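The following note concerns helix packing and salt bridges.

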Amino acid sequence: MKTLIIYSSVDGQTQKIAQAMAAEMQAADQSAVLELTALSQADQYDLSGYDNIVIGASIRYGHFNKALEPYIQRHAQLLNRKKSAFYSVNLTARKADKNTPETNVYTRKFLQRIDWQPTQSAVFAGALRYPRYRFFDRFMIRLIMKITGGETDTTKEIEYTDWDKVAEFARRFKSWQGTTRTSFTY
């Protein structure tokens, strides 16, 4: 089985999650062929040559990478014929009532808008990396976090990602054999 994991990451957390999924899937099946690529390089891959496709994307200022939706729409028919998964990564998902595809407004609206219906979907909390942000991003993210009741200390770095949830998502995707498309929730 060949799996391609495509990720769109601003600060690296979505890529880190993609790498953790690949490691989990490889551990479950040593003979599996897994490849990872950034969305910016994804057009170099022929999706028809893969059995499984996972696409992950982060949200920044309420939006996914502007190249994500056109890429998915170009490949929607093929993606719908494959075993496929989508996951989004954002700081809003740090809240228990915002961490599923149904309760995370960004992900829910995105999945309703596109033609692709992933076999499996999930939302993961990202990471807050204040010291690494440029001045403008640090200011804006701090303002958003203040409004939403989050961490505002700009000296801190906090990883909100639930790595057990990421591992379980990867295991479920790897072992999924059915025809029902599902969201990933606990």
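1. A crossing of two helices is called right-handed if the near helix is turned clockwise from the far one by less than a right angle, and left-handed if anticlockwise. In this predicted model, the crossing of α1 and α5 is right-handed.

2. The residues in contact are Q13, K16, I17, A20, M21, E24, M25 and A28 on the α1 side, and W163, V166, A167, F169, A170, R171, F173 and K174 on the α5 side. Sorted by class, this contact comprises eleven nonpolar, one polar and four charged residues.

3. Helix α1 spans residues 13-28 and helix α5 residues 163-175; their axes are 9 Å apart and meet at an angle of about 50°. The arrangement of α1 relative to α5 is therefore oblique.

4. With a nitrogen-to-oxygen cut-off of 4 Å, the model contains twelve salt bridges. One of them joins K16 and E159, with the closest N and O atoms 2.7 Å apart. Because K16 belongs to helix α1 and E159 to strand β7 (residues 157-159), this pair ties together parts 143 residues apart in sequence. K16 is partly exposed, at 35% relative accessible area, and E159 is also partly exposed, at 32%.

5. E157 pairs with R129 in a salt bridge, the closest N and O atoms lying 3.6 Å apart. E157 is in strand β7 and R129 in strand β6 (residues 127-129), so the link ties together parts 28 residues apart in sequence. R129 counts as buried, at 12% relative accessibility, whereas E157 is partly exposed, at 36% relative accessible area.

6. A network of salt bridges links K16, R129, R132, E157 and E159.

Key
Residues are numbered from 1 along each chain as its sequence is written. This is a predicted model: local features need pLDDT of at least 70, side-chain atom pairs count only at pLDDT 80 or more; totals for chains, interfaces and linings use all residues. Side-chain values use heavy atoms; hydrogens and water are left out. Axes are lines fitted to C-alpha atoms, for helices over the stretch in contact, and angles run from 0 to 180 degrees between N-to-C directions. Helices (H or I, at least four residues) and strands (E, at least two) are DSSP runs, numbered from the N terminus. Angles under 35 degrees count as roughly parallel, over 145 as roughly antiparallel, 65 to 115 as roughly perpendicular and the rest as oblique. Contact means heavy atoms within 4.5 Å. Ala, Val, Leu, Ile, Met, Phe, Trp, Tyr, Cys and Pro count as nonpolar, Asp, Glu, Lys and Arg as charged, and the others, Gly among them, as polar. A salt bridge is a side-chain nitrogen of Lys or Arg within 4 Å of a carboxyl oxygen of Asp or Glu. Buried means under 20% relative accessible area, exposed over 50%, partly exposed in between (1.4 Å probe, protein chains only).
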